[in-house]
Protein chains: 2
Amino acid sequence: ERRPLPVEGRLGRQLAFIVEVDRLKTVLRASTLAADARRENDAEHSWHLALMVPVLAEYADEPVDVGHTIKLVVVHDLVEIYAGDTPLYDDEARVSQEERELAAAERLFGLLPDDQAVEFRALWDEFEARRTPEARFAKAVDRLEPNLLNWMAGGGTWGTPGVTGDTVRARTAHIGDASHALGEVMVSLIDSAERNGWIAAGQQGVVGPA
Amino acid sequence: ERRPLPVEGRLGRQLAFIVEVDRLKTVLRASTLAADARRENDAEHSWHLALMVPVLAEYADEPVDVGHTIKLVVVHDLVEIYAGDTPLYDDEARVSQEERELAAAERLFGLLPDDQAVEFRALWDEFEARRTPEARFAKAVDRLEPNLLNWMAGGGTWGTPGVTGDTVRARTAHIGDASHALGEVMVSLIDSAERNGWIAAGQQGVVGPA
Ligand SMILES: [Ca+2]
């Protein structure tokens, strides 16, 4: 199906990887754009995070290397090319997520020359494990972005059946672990969205799935 | 038209900027994706460059700071939110490009707090002026990416009326100024594409605009 590039060897493998990852532009997320009435894709989302990191890095509670944090967010969703996006509020899909993504990582990073396969896999592992200040901040920004889009949409994925303000509070709590200030932004968004009727009020007021 | 975020002050300005730049996802380029039959947008393109930089940095002829180079590519097309994309082979649009983009930079980066307005404007200026090894390499990767997409499409924007192999050679020559190896890749792509009939052969064989 693919049109082989007229380049051999190490550089040929690197370019084949670069062409393959074009597919990230076709992985649709649950979120809707702020700027258009269509769903966001993973490449757009990853770019948005890569810009949010240098703009918001001053709010990281532990100092972060900005360049390294940007690398983490640029790479963080690549496995979804084969594993698909797993929406935050799809509990069923989240059960098989880890297994699917581990297999995808083997396959995708394996396209690269061995030394880079190890290097890029390590970036993904670092992000997933939240092992470093950079990974914790990258995860926080990754969680904040779709919630900004939800705010601009006046609901968005906050309207998923069964989701209440308390669900959103629980799934976004780790933002505050990496950045007190961004954690407070997230709380303000949820509180205001509940008042505006864009999120169902916390569980106490809701009949349905906990 | 916009839904103001419930955040004031410095952080409020930063978040307003982050929401505004969502529009980069709606700026369409001339290139078609390798992975789907639709045009690429600037956010997807910028993400692709941000991944190409760490994969290909070893081919920069002058040493580059990878993190800084990624920042340059993440920021490089933001002005197109207001100025629009200027296709490489649209000579008319290219006449007014600089003026439109300067006005757009004032307006967009002016959304940020003053210190960051200066910081992000400087990144864009550095990229545009090709003043540093990082900017030269970023520009090379920026020029290479759509040509990889053209290859995968078996033509793409190479088929713009009046464009020949020599036009493409001239517009991509600066890739080799930043990276001998990537310059050679570009030459191979053009030569092979001419042989495959995906680019009109060099001017000697063509009747029409030079
Ligand atoms: Ca560009």
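Are Phe17(B) and Phe120(B) buried or exposed? Hold that for a moment. A reminder before we start: this is a predicted model.

Let's take that pair now. Phe17(B) is buried, and so is Phe120(B).

On to the rings. Over all chains, the count is four aromatic pairs. One of them is Trp151(A) with Trp198(A), edge-to-face. The centres are 4.9 Å apart, with 75° between the planes. Trp151(A) lies in helix H7 of chain A, and Trp198(A) in the segment after helix H9, so the pair ties together parts 47 residues apart in sequence. Trp151(A) is buried, at 4% relative accessible area. Trp198(A) has 18% relative accessibility, and the cut-off for buried is under 20%, so Trp198(A) counts as buried too.

Back to our opening phenylalanines. Phe17(B) and Phe120(B) form a tilted pair, 6.4 Å centre to centre, with 55° between the planes. Phe17(B) sits in helix H1 of chain B and Phe120(B) in helix H6, 103 residues apart.

Last, a charge over a ring. Arg107(A) lies over the face of Tyr82(A), 3.5 Å from the ring centre. In chain B, Arg107(B) lies over the face of Tyr82(B), at 3.5 Å from the ring centre.

Conventions: Residues numbered from 1 in each chain as written. Chains lettered and ligands numbered in written order. Predicted model: local features only at pLDDT ≥ 70, side-chain atom pairs only at ≥ 80, totals over all residues. Heavy atoms only, no water. Phe/Tyr/Trp six-rings, centres within 6.5 Å; stacked < 30°, edge-to-face > 60°. Helix = DSSP H or I, 4+ residues; strand = E, 2+ residues; numbered from the N terminus. Buried < 20%, exposed > 50% of the residue type's maximum accessible area, 1.4 Å probe, protein only. Lys NZ or Arg CZ within 6 Å of the ring centre and 35° of its normal.
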